[in-house]
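Welcome, and please have a look at the structure below.

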Amino acid sequence: MVDNNCAYCVEGELVEKFGIKICELDASKVYLFKEQSHKGRVIVASKYHVGEMIELTEEQRNAFFHDVNHVAKAIHKAFAPDKVNYGAYGDTGHHLHFHLVPKYQEDEFEWGSTFAMDPKRKTLSDAEYEAIIIALKKYL
């Protein structure tokens with residue numbers, strides 16, 4: 001099922017407000033989150049329009065989490081964070097997705113606490129976004 005009001009289903013202008021599509025994997029779409037307070041932050045969105053993981057079949061759920069794990073490994077290889085935080089929300093946007101947020105101890109911003117959804121602290125130039133995407137794609 002596709003929801004014509006859902007950024008992850010429709011993409012285009014809706015998703016461009018906050019993300020840049022990096023690629024599609026077997027069970028998900030991967031987006032670079034434009035707010036880059038944590039270098040390498042991405043969103044991994046299910047290819048299925050469901051609000052909860054319990055709505056996926058076991059096979060779909062396993063494939064989705066395989067993709068999440070694959071992206072997390074790529075983040076670790078590309079940027080060597082001290083930790084990756086995972087967040088799955090969706091109170092208002094009812095499409096299963098995970099925020100993968102690399103955390104770095106040398107950046108005291110939010111180290112040791114939950115990451116902010118959109119702190120509006122750091123946006124990049126197109127060239128800087130592209131460099132991060134290229135670094136991630138090397139491992140995706």
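With a relative accessibility of 33%, S125 counts as partly exposed, a class that runs between buried (under 20% relative accessible area) and exposed (over 50%), using a 1.4 Å probe and protein chains only. This is a predicted model, in which local features need pLDDT of at least 70 and side-chain atom pairs count only at pLDDT 80 or more, while totals for chains, interfaces and linings use all residues. Residues are numbered from 1 along each chain as its sequence is written, and side-chain values use heavy atoms, leaving out hydrogens and water.

**Around S125**
- S125 sits in the loop between strand 5 and helix 4 (126-137); helices (H or I, at least four residues) and strands (E, at least two) are DSSP runs numbered from the N terminus.
- Between the C-alpha atoms of S125 and A72 there are 24 Å, and the two residues are 53 apart along the chain.

**Around E35**
- You will find E35 in the loop between strand 2 (28-33) and strand 3 (42-46).
- E35 is buried but has no salt bridge, and R41, its nearest side chain of opposite charge, is 5.0 Å away.
- A salt bridge would need a side-chain nitrogen of Lys or Arg within 4 Å of a carboxyl oxygen of Asp or Glu.
- The E35 side chain does reach the backbone nitrogen of R121, at 2.7 Å.
- A polar atom of the E35 side chain also lies 2.7 Å from the backbone nitrogen of K122.
- R41 itself lies over the face of F33, 4.1 Å from the ring centre; this requires NZ of Lys or CZ of Arg within 6 Å of the ring centre and within 35 degrees of the ring normal.

**Aromatic pairs**
- There are six aromatic pairs in the structure, where rings of Phe, Tyr and Trp (its six-membered ring) pair if their centres lie within 6.5 Å, and planes under 30 degrees apart count as stacked, over 60 as edge-to-face and the rest as tilted.
- Y8 and F18 are edge-to-face because their ring centres are 5.8 Å apart and their planes are at 70°.
- Y8 belongs to helix 1 (residues 7-10) and F18 to the loop between helix 2 (12-16) and strand 1 (19-24), so this pair ties together parts 10 residues apart in sequence.
- Y8 counts as buried, at 8% relative accessibility.
- F64 and F98 make a tilted pair, with 5.9 Å centre to centre and 55° between the planes.
- That pair links distant parts of the chain, 34 residues apart: F64 is in helix 3 (residues 58-79) and F98 in strand 5 (residues 97-103).
- F64 is buried, with a relative accessible area of 1%, and F98 counts as buried at 10% relative accessibility.

Terms used:
Lys and Arg count as positive and Asp and Glu as negative; His and the chain ends are not counted. A polar contact is a pair of N or O atoms within 3.5 Å; within protein, one must be able to donate a hydrogen and the other to accept it, and residues adjacent in sequence count only if both atoms are side-chain atoms.
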